[in-house]
Amino acid sequence: ALVLLNESDAEASLMRIESLRALGREWGGALESAALLLGEEDRRIITLSGALALERGEHAKAISSFERAMKLAPLDAEAIFGLGRALIESGERERGLELLKRHRELTPLLDALDFAERGLDLAPAHAPNHAALGDAWRSLVSADPSAYERSELAYVMALSLMAISEKVPVHLRRARLIHEHG
């Protein structure tokens with residue numbers, strides 16, 4: 001299947017990297033190609049650069065890459081996990097363990113977000129799907145403050161699609177967001 005992935009397509013280049021990684025093959029060259037397509041400052045490229053550095057035992061470089069990726073996307077699970085591992089392997093055990101704990105705590109929340117987004121992909125005009133997306137983003141506000149606005153937007157969209165008689169539960173969930181994080 002690797003030969004079917006168009007190397008001049010940015011998304012396919014990322015799929016190629018993930019495929020090579022899963023197969024345990026060398027993927028540094030594929031990362032260089034993807035960086036040319038997406039740019040060195042793409043968060044996914046930065047995270048993958050950290051993963052490659054960690055694989056090669058270049059802990060300082062891995063730490064730097066993962067920290068940069070997390071500044072761009074605080075919910076980047078691979079960057080959080082990779083930074084935790086890199087810190088532990090470089091001797092910063094306590095800080096590394098804290099990040100691995102954070103990763104463990106975020107994983108089910110990110111899975112819920114992914115599930116809500118997929119539900120919305122299947123039925124974009126279904127108000128309960130927007131409300132579920134609001135709930136998923138609300139659970140992530142403490143990890144990424146930008147999740148507040150995303151949650152708020154999802155609730156507002158749900159309310160705009162609902163009949164008046166269905167709005168009370170969503171108003172209550174939105175009120176919880178505002179009370180806890182507003």
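Guide: Helices (H or I, at least four residues) and strands (E, at least two) are DSSP runs, numbered from the N terminus. This is a predicted model: local features need pLDDT of at least 70, side-chain atom pairs count only at pLDDT 80 or more, and totals for chains, interfaces and linings use all residues. Residues are numbered from 1 along each chain as its sequence is written, and side-chain values use heavy atoms, with hydrogens and water left out.

Visitor: Is S151 buried or exposed?

Guide: Buried means under 20% relative accessible area, exposed over 50%, partly exposed in between (1.4 Å probe, protein chains only). S151 has 0% relative accessibility. That makes S151 buried.

Visitor: Which residue has its backbone oxygen 2.8 Å from a polar atom of the S151 side chain?

Guide: A polar contact is a pair of N or O atoms within 3.5 Å; within protein, one must be able to donate a hydrogen and the other to accept it, and residues adjacent in sequence count only if both atoms are side-chain atoms. Contact in general means heavy atoms within 4.5 Å. Leaving aside neighbours within four places in sequence, S151 is in contact with residues including W137, R138 and L177. The backbone oxygen at 2.8 Å belongs to G134.

Visitor: How many salt bridges does the structure hold?

Guide: A salt bridge is a side-chain nitrogen of Lys or Arg within 4 Å of a carboxyl oxygen of Asp or Glu. E11, D42 and R44 are linked in a network of such bridges. The structure's count is 16.

Visitor: How many residues apart in sequence are the parts that R68 and E41 tie together?

Guide: The closest N and O atoms of this salt bridge are 3.0 Å apart. R68 is in helix α4 (residues 59-72), while E41 is in the loop between α2 (28-38) and α3 (43-55). So the pair ties together parts whose separation in sequence is 27 residues.

Visitor: Which helix does E67 tie to α4 through R95?

Guide: E67 and R95 form a salt bridge, with the closest N and O atoms 2.7 Å apart. E67 lies in α4, and R95 sits in residues 93-122, so parts 28 residues apart in sequence are tied together. R95's helix is α6.

Visitor: Is E152, the partner of R174 in a salt bridge, buried or exposed?

Guide: The two side chains meet at 2.4 Å, N to O. R174 is partly exposed at 23% relative accessibility. E152 has 16%, and counts as buried.
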